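The sequence and structure are shown first.

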Amino acid sequence: MTNDRIGNIIASLTLEEKASLASGKSFWETQDIPAKGVPSIWLADGPHGLRKEDRLHIRENGGHSVKATCFPTASALACAWSPALARRVGAAIGRECRAHGVAVVLGPGVNIKRSPLCGRNFEYYSEDPLLTGMCAAADTKGVQSRPGIGTTIKHFAANSQEDNRMFSNAHISERALREIYLKGFEITVKTSQPMSIMSSYNLLNGTHTANHYDLLTSAARDEWGFAGLVMTDWFTSQDPSFMFGAAVHKYPISSSPLCIKAGNDLQMPGCQKNVDDIVEAVEHPEKAGEEA
């Protein structure tokens with residue numbers, strides 16, 4: 001599709017339609033507008049092999065995701081010190097994405113292993129940002145060697161724990177961020193230009209990463225030259241009780257209008273309130289306020 005064609009489609013959209021494209025259609029699909037020629041695309045976990053949860057397939061196959069290859073974890077791949085191997089794994093995942101109709105794989109994980117107690121350490125490459133960045137860049141080049149297939153490097157940024165990750169606030173100096181926690185992302189963006197970045201659940205120095213302009217726009221886009229899409233992690237801008245129950249939350253959810261302002265293009269899985277909040281903020285910017 002040419003840039004002129006894309007421009008014409010955007011110009012034809014109403015405010016409500018534009019806002020709907022900033023929110024997902026279902027748990028794994030982006031919004032479509034068939035009348036305007038806008039298709040949906042399918043997103044799927046994960047970094048070590050697809051976890052496509054096609055609901056029709058699940059009903060017909062006893063609750064299981066579509067069959068896919070289970071590759072070695074990121075922690076195992078990093079032990080090989082071989083970007084070439086990581087790229088081959090990425091290329092294989094890219095082939096399976098194409099076979100199963102997946103456009104974007106939600107990985108690789110680029111967070112730093114800050115603590116041995118992090119429950120997601122298997123999904124991250126290393127405690128070393130250089131090794132992390134080189135492996136993630138190689139994986140991305142492999143996946144994206146398949147036309148139309150892209151990666152989502154995550155969780156941006158400072159998602160250093162799995163327990164209570166939706167309700168934590170990481171206090172980190174700019175030097176530590178640049179030298180440790182952001183460096184792997186920077187290397188991946190500059191070396192392989194991933195299709196997308198996923199913001200994390202946590203706050204960073206008091207601001208939701210999903211609403212963090214300095215992180216998503218100033219660093220990723222303006223400094224590193226990131227040219228792709230930024231999406232939220234699932235339910236960052238929605239009521240998280242769906243996953244975590246009716247617990248008392250220390251911090252509020254992130255703001256849909258501030259996602260847009262910060263450079264977060266897509267809120268997943270999305271809900272009507274996300275759309276309504278964005279429309280309200282455009283029509284009444286004086287009421288947009290700060291984080292919800």
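## Overall dimensions

Of the 292 residues in the chain, 52% count as buried. The model is a predicted one. The chain has a radius of gyration of 19 Å, which agrees with the value near 19 Å that a compact globule of 292 residues would have. Along the principal axes, the C-alpha trace spans about 55 × 45 × 40 Å.

The secondary structure comprises 12 helices and 8 strands. When contacts between residues at least 6 apart in sequence are considered, 71% of them join residues at least 24 apart.

How many residues of β3 are buried? The count is 7 of 7, and the strand is accordingly described as mostly covered.

## The three-stranded sheet

A second open sheet has 3 strands, ordered β4-β6-β7, with mixed pairing. Strands β4 (169-170) and β7 (207-208) lie at its edges; each has a single partner strand, so one side of each is left without a neighbour in the sheet. In general, the strands of a sheet pair through backbone hydrogen bonds, in either a parallel or an antiparallel arrangement.

Strand β6 (residues 203-204) and β7 run antiparallel and are joined by 2 bridges. Across this pairing, Leu-203 stands opposite His-208 of β7.

## Packing of α6 against α8

Helix α6 (residues 129-143) packs with helix α8 (residues 183-192) at an angle of about 35 degrees, and the two axes are 8 Å apart. The crossing of α6 past α8 is right-handed. On the α6 side, the contact is made by Pro-129, Leu-130, Thr-132, Gly-133, Met-134, Ala-136, Ala-137, Thr-140 and Lys-141. The α8 side contributes Lys-183, Gly-184, Ile-187, Thr-188, Thr-191 and Ser-192. By residue class, this contact between α6 and α8 divides into 6 nonpolar, 7 polar and 2 charged residues.

In helix α9 (residues 213-223), the buried residues include Leu-215, Leu-216, Thr-217, Ala-219 and Ala-220. Which elements cover the buried residues of α9? The covering elements include β3 (150-156), β5 (196-199), β6, β8 (229-231) and α11 (256-262). After α9 comes Gly-225, whose phi is positive, near 80 degrees.

## Selected residues

Gly-148 lies in the loop between α6 and β3. Is Gly-148 buried or exposed? Its relative accessibility is 58%, above the 50% cut-off, so Gly-148 counts as exposed. Gly-148 and Val-104 are separated by 44 residues in sequence, while their C-alpha atoms are 8.6 Å apart in space. Setting aside residues up to four places away in sequence, Gly-148 touches Arg-98, Ala-103 and Met-195.

Asn-274 is located in helix α12 (residues 272-283). With a relative accessibility of 1%, against a cut-off of under 20%, Asn-274 counts as buried. Beyond its neighbours within four places in sequence, Asn-274 is in contact with Ser-23, Ser-237, Gln-238, Ser-256 and Gln-267. Glu-17 belongs to helix α2 (residues 15-20). When neighbours within four places in sequence are left aside, the contacts of Glu-17 are with Ser-12, Ile-33 and Lys-36. The C-alpha atom of Glu-17 is separated by 35 Å from that of Ala-68, a residue 51 places apart from Glu-17 along the chain.

Methods:
Residues are numbered from 1 along each chain as its sequence is written. This is a predicted model: local features need pLDDT of at least 70, side-chain atom pairs count only at pLDDT 80 or more; totals for chains, interfaces and linings use all residues. Side-chain values use heavy atoms; hydrogens and water are left out. Axes are lines fitted to C-alpha atoms, for helices over the stretch in contact, and angles run from 0 to 180 degrees between N-to-C directions. Helices (H or I, at least four residues) and strands (E, at least two) are DSSP runs, numbered from the N terminus. A crossing is left-handed if the near helix is turned anticlockwise from the far one by less than a right angle, and right-handed if clockwise. Contact means heavy atoms within 4.5 Å. Ala, Val, Leu, Ile, Met, Phe, Trp, Tyr, Cys and Pro count as nonpolar, Asp, Glu, Lys and Arg as charged, and the others, Gly among them, as polar. Two strands pair if DSSP finds at least two bridges between them. Buried means under 20% relative accessible area, exposed over 50%, partly exposed in between (1.4 Å probe, protein chains only). The radius of gyration is taken over C-alpha atoms; the globule rule is 2.2 Å times the number of residues to the power 0.38.
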